[in-house]
Amino acid sequence: MKIHNVAFELEVYDALDELHDADHKLMLKAIAARKNAYAPYSNFQVGAALRLENGEVVIGNNQENACYPSGLCAERVAVFQAGAKYPGVVIEAIAISATSLNYQVNTPAAPCGNCRQSISEYEVKQKQPIQLLMMGEIGTVMKCNSIGDILPLAFTNSFLK
Ligand code: THU
């Protein structure tokens, strides 16, 4: 028996204005994207923004449904939109920001498991890591270098032959 320790690098910034220019701009787009979230059931509004290698920014926000499971998270709205509009264009980074009408979100919102899996599909496909920037409404911002870092042992197309 062998034990493997899995570790990854997580950058933690005290505030938004500590981010480098390109990341700062992307997070501002994610914050702006929250405004059009449709979240009447949870009151939890999430915005996501993708930076593509062609310079485009693609945004998404959560879209809820009276039949709860029929809604979709901000991150998947964004990555599926990028896949639909710019197929084959590399996604460099995704920024996520969350707010709530019920309380002040002061810790970074990390993508749910389904979104990690969906983003991972594009990372595997493009053979280039997708950086991830996460924040709540105020306070700390976290950054990791690859979606794979937060989805270790991912299920990928390598199993499907
Ligand atoms: N949500 C996201 O949009 N992204 C996440 O990573 C976590 C959760 C949304 C889904 C739902 O509309 C609301 O937040 C509460 O779960």
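Biologist: Why is Ala-110 called partly exposed?

Modeller: In this predicted model, Ala-110 has a relative accessible area of 41%, and since buried means under 20% and exposed over 50%, with partly exposed in between (1.4 Å probe, protein chains only), Ala-110 is therefore called partly exposed. Because the model is predicted, local features need pLDDT of at least 70 and side-chain atom pairs count only at pLDDT 80 or more, while totals for chains, interfaces and linings use all residues. Residues are numbered from 1 along each chain as its sequence is written, and side-chain values use heavy atoms, with hydrogens and water left out.

Biologist: How do you know which residues Ala-110 touches?

Modeller: Contact means heavy atoms within 4.5 Å, and, not counting residues up to four places away in sequence, Ala-110 touches Arg-116 and Met-134.

Biologist: What surrounds the ligand?

Modeller: A residue is near a molecule if one of its heavy atoms lies within 4 Å of it, and the residues surrounding the ligand include Ser-42, Glu-64, Ala-74, Glu-75 and Ala-110. Ala-110 and Ser-42 are 68 residues apart in sequence and 17 Å apart in space, C-alpha to C-alpha.
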